[in-house]
Amino acid sequence: MSNNDDNKVTHFGYQQVPWQEKQQRVAGVFRSVAAKYDVMNDLISMGSHRVLKRMTLELAGVRPGQKVLDLAGGTGDLAIKFSRLVGDSGQVVLADINASMLQVGRSRLTDRGYAGNIEYVQADAEHLPFPDNNFNAVSIAFGLRNVTDKDQALRDMTRVLKPGGKLFVHIFCHRNLTYLFETEGESNWMGRYFFTGGMMPSYDWLPRCADRLSLEDRWAVNGTHYGKTLEAWLALADRKRQTLIPLLEECYGAGQGKLWLQRWRMFFMACAELFNYGDGEEWFVGHYLFRREE
Ligand SMILES: C[S@@+](CC[C@H](N)C(=O)[O-])C[C@H]1O[C@@H](n2cnc3c(N)ncnc32)[C@H](O)[C@@H]1O
């Protein structure tokens, strides 16, 4: 690390924090939820994130024998699917900055019999430990918004792709605004507890940042799908209250279950409003398919 890096600051919400500290704070958020991430993710999205991920694979055209990187892959949802597509002659690398997420992913995939063609690598998207021109496809689903230096991450993803290789990105977007989540202040608990250190990009933001990548296609998946999911989750959370409280205590600490259940309930209500707003055309999930230029 250079002196320059030591002195660099970045946004954590609207707070200025040292560059390194932001990574540690983001890592802390995911470390605290790793063990229950899939349960939470399914409960949060009622499984709709899995439908969206299937879409990626249909678009991916990943073939047997290919090499695929699932970056910020968390507990390996996409890696499982890529593993089936590339088969025994191919290889999938599940990479994440967070050791706890990877550990949960490894146990989950191993328990399900996915062993031969998956490798697990703890890696920061900004400094990928892979050679140039190495992968046929790279995917990053719901991970880019947490990366501190997004330009650097995009450059590194491009570097490790083979010429002609594909990059898939899923990211929550706003129709035309890019903004950071505030963490300071009484009313900003959403930024502080749920979108810690994150940003909301505009739908146009990503293609503008992607050098040496041609945008082949993009899809805005209407926000009302996610809005319905959030409303259904709220109903489910209320029905499963007694099951959820101990789970939340495991994630957030003893005595924190009820408080966090209420925070999650408010999160679902507020996000449902957000994604349903303007018939789902204001905030939505952006899916992007890029091709690395030759
Ligand atoms: C919302 S989860 C998404 C996980 C998975 N892709 C999915 O769709 O279920 C975001 C993931 O990004 C990882 N992450 C955050 N910053 C990262 C970075 N700089 N490099 C690699 N992974 C990162 C987190 O550890 C977490 O596992």
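1. The model is predicted. The chain has 294 residues, and 38% of them count as buried. It holds twelve helices and eleven strands. Among contacts with a separation of 6 or more, 76% are between residues 24 or more positions apart.

2. **Strand 4 and its partners.** Strand 4 covers residues 91-96 and runs parallel to strand 5, joined to it by five bridges. Here Asp 96 stands opposite Gln 122 of strand 5. Strand 3 also pairs with strand 4 in the parallel sense, again over five bridges. On that side, Leu 71 has Ala 95 in strand 4 as its bridge partner. In general, strands of a sheet pair through backbone hydrogen bonds, either parallel or antiparallel.

3. **Burial of strand 4.** Is strand 4 enclosed or open? Six of its six residues are buried, so the strand is largely enclosed by the rest of the structure. Look at the two faces in turn. One side carries Gln 91, Val 93 and Ala 95, all buried. The other carries Val 92, Leu 94 and Asp 96, and these are buried as well.

4. **Strands 6 and 7.** Strand 6 (residues 135-141) and strand 7 run parallel and are joined by six bridges. Strand 7 spans residues 161-174 and is mostly covered, with ten of its 14 residues buried.

5. Leu 109 counts as buried because it has 21 C-beta neighbours inside 10 Å, and the cut-off is 20 or more. Which residues does Leu 109 touch, leaving out those up to four places away in sequence? They are Gly 76, Ala 79, Ile 80, Tyr 114 and Ile 118. Leu 109 and Thr 75 are 34 residues apart in sequence, yet their C-alpha atoms are 8.5 Å apart in space.

6. **Helix 11 and its end.** Helix 11 (residues 241-252) has twelve residues. From first C-alpha to last it reaches 16 Å, close to the 16 Å expected at 1.5 Å a residue. Gly 253 follows the helix, and its phi is positive, near 115 degrees.

7. **Helix 12.** Trp 264 belongs to helix 12. It is buried, with 20 other C-beta atoms within 10 Å. Tyr 193 is 71 residues away from Trp 264 in sequence, but 9.6 Å away in space, C-alpha to C-alpha.

8. **Two residues with positive phi.** Ala 72 has a phi near 50 degrees, which is positive in a residue other than glycine. Asp 279 also has a positive phi, near 55 degrees, and is likewise not a glycine. Both deserve a look in their loops. Ala 72 lies between strand 3 (67-71) and helix 5 (77-86). Asp 279 lies between helix 12 (257-276) and strand 11 (283-292).

9. **The ligand shell.** Around the ligand there are 19 residues. Those that come nearest are Ala 72, Gly 74, Ile 97, Asn 98 and Ala 125. What is the make-up of the shell by class? It has nine nonpolar, six polar and four charged residues.

Definitions and conventions: Residues are numbered from 1 along each chain as its sequence is written. This is a predicted model: local features need pLDDT of at least 70, side-chain atom pairs count only at pLDDT 80 or more; totals for chains, interfaces and linings use all residues. A residue is near a molecule or strand if its C-beta atom, placed from the backbone, lies within 6 Å of it. Ala, Val, Leu, Ile, Met, Phe, Trp, Tyr, Cys and Pro count as nonpolar, Asp, Glu, Lys and Arg as charged, and the others, Gly among them, as polar. Two strands pair if DSSP finds at least two bridges between them. Helices (H or I, at least four residues) and strands (E, at least two) are DSSP runs, numbered from the N terminus. The expected span of a helix is 1.5 Å times one less than its number of residues. A residue is buried if 20 or more other C-beta atoms lie within 10 Å of its own, exposed if 12 or fewer, and partly exposed in between; C-beta atoms are placed from the backbone. Two residues are in contact if their C-beta atoms, placed from the backbone, lie within 7 Å.
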